[in-house]
Amino acid sequence: MENFIDFSQKTIPKNMRYVLAFYALIYDEKQIFWWNSANKNFSFNLLEIEHILPKKWQDNYYKLEEDEVKGLIEQIGNKILIEKKLNISASNEFFAKKKEHYATSFCAEVKALSKSSKKNWDFKDIEERNRQIYAKFGEFFSRIF
């Protein structure tokens, strides 16, 4: 898992977009239907990488060093694909406010996050989602190979 996390922190956004798109498709098998509903012929290239916990964090909110926080923020557990319009509107808001924007997404996992009872998204959530994503990929590839 360490290599997976390391990759997620260091890879270029284009590569991360592919990884997140693949994850979106195995997260919910109906995702491709939602992306193409109403004959939209939707392309995941139109989606942007959203940082659930904002990249512009506030010093008084965290009890960690700046480098440590930046490392956690760039992990895959803090990234999700979302429509450009929603990414702009959610921007640097905190999780409770972002959920309002997430509710209108065509992305299944983003919609699921909007229904979360959590008011905050923190480092424990990032680490938990890292594990969930890693486990989903493991399950998927173990069925194939």
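**Surface and interior**

Guide: Let us begin with phenylalanine 145, which is found in the segment after α8 (123-144), bearing in mind that this is a predicted model.

Visitor: Is phenylalanine 145 buried or exposed?

Guide: Phenylalanine 145 counts as exposed, because its relative accessibility is 77% and the cut-off for that class is over 50%. Together with Phe141 and Ile144, Phe145 makes a nonpolar surface patch of about 360 Å².

Visitor: And how does one look for space in the interior?

Guide: Rolling a probe the size of a water molecule over the atoms shows where empty space is left. Here the count comes to one cavity of 30 Å³ or more, and about 80 Å³ of space lies in the largest cavity.

Visitor: Which residues are the closest to the centre of the largest cavity?

Guide: Eleven residues line the largest cavity, and the closest to its centre are Leu20, Ala24, Ile80, Leu81 and Glu109. Two or more lining residues come from each of α2 (13-27), α3 (31-35), β2 (79-83) and α7 (108-114), with α2 giving the most, three residues. By class, the lining has eight nonpolar, one polar and two charged residues.

Visitor: Why does alanine 24 count as buried?

Guide: Alanine 24, which is found in helix α2, counts as buried because its relative accessibility is 12%, where the class requires a value under 20%. Alanine 24 and leucine 81 are 57 residues apart along the chain, yet their C-alpha atoms are separated by 8.0 Å.

Conventions: Residues are numbered from 1 along each chain as its sequence is written. This is a predicted model: local features need pLDDT of at least 70, side-chain atom pairs count only at pLDDT 80 or more; totals for chains, interfaces and linings use all residues. Side-chain values use heavy atoms; hydrogens and water are left out. On a 1 Å grid over the protein atoms alone, a cavity is a set of points where a 1.4 Å probe fits but cannot get out, and a pocket is an open set with protein on both sides within 12 Å along at least five of seven lines; lining residues have an atom within 4 Å of a point. Grid points are joined across faces, edges and corners, and a volume is the space filled by probe spheres set on the points. Helices (H or I, at least four residues) and strands (E, at least two) are DSSP runs, numbered from the N terminus. Ala, Val, Leu, Ile, Met, Phe, Trp, Tyr, Cys and Pro count as nonpolar, Asp, Glu, Lys and Arg as charged, and the others, Gly among them, as polar. Buried means under 20% relative accessible area, exposed over 50%, partly exposed in between (1.4 Å probe, protein chains only). Patches are made of residues with over 30% relative accessible area and no salt bridge: like charges are joined within 9 Å, nonpolar side chains (Val, Leu, Ile, Met, Phe, Trp, Tyr) within 5 Å. Accessible areas come from the Shrake-Rupley method with a 1.4 Å probe; for residues, only the protein chains shown count as cover. A salt bridge is a side-chain nitrogen of Lys or Arg within 4 Å of a carboxyl oxygen of Asp or Glu.
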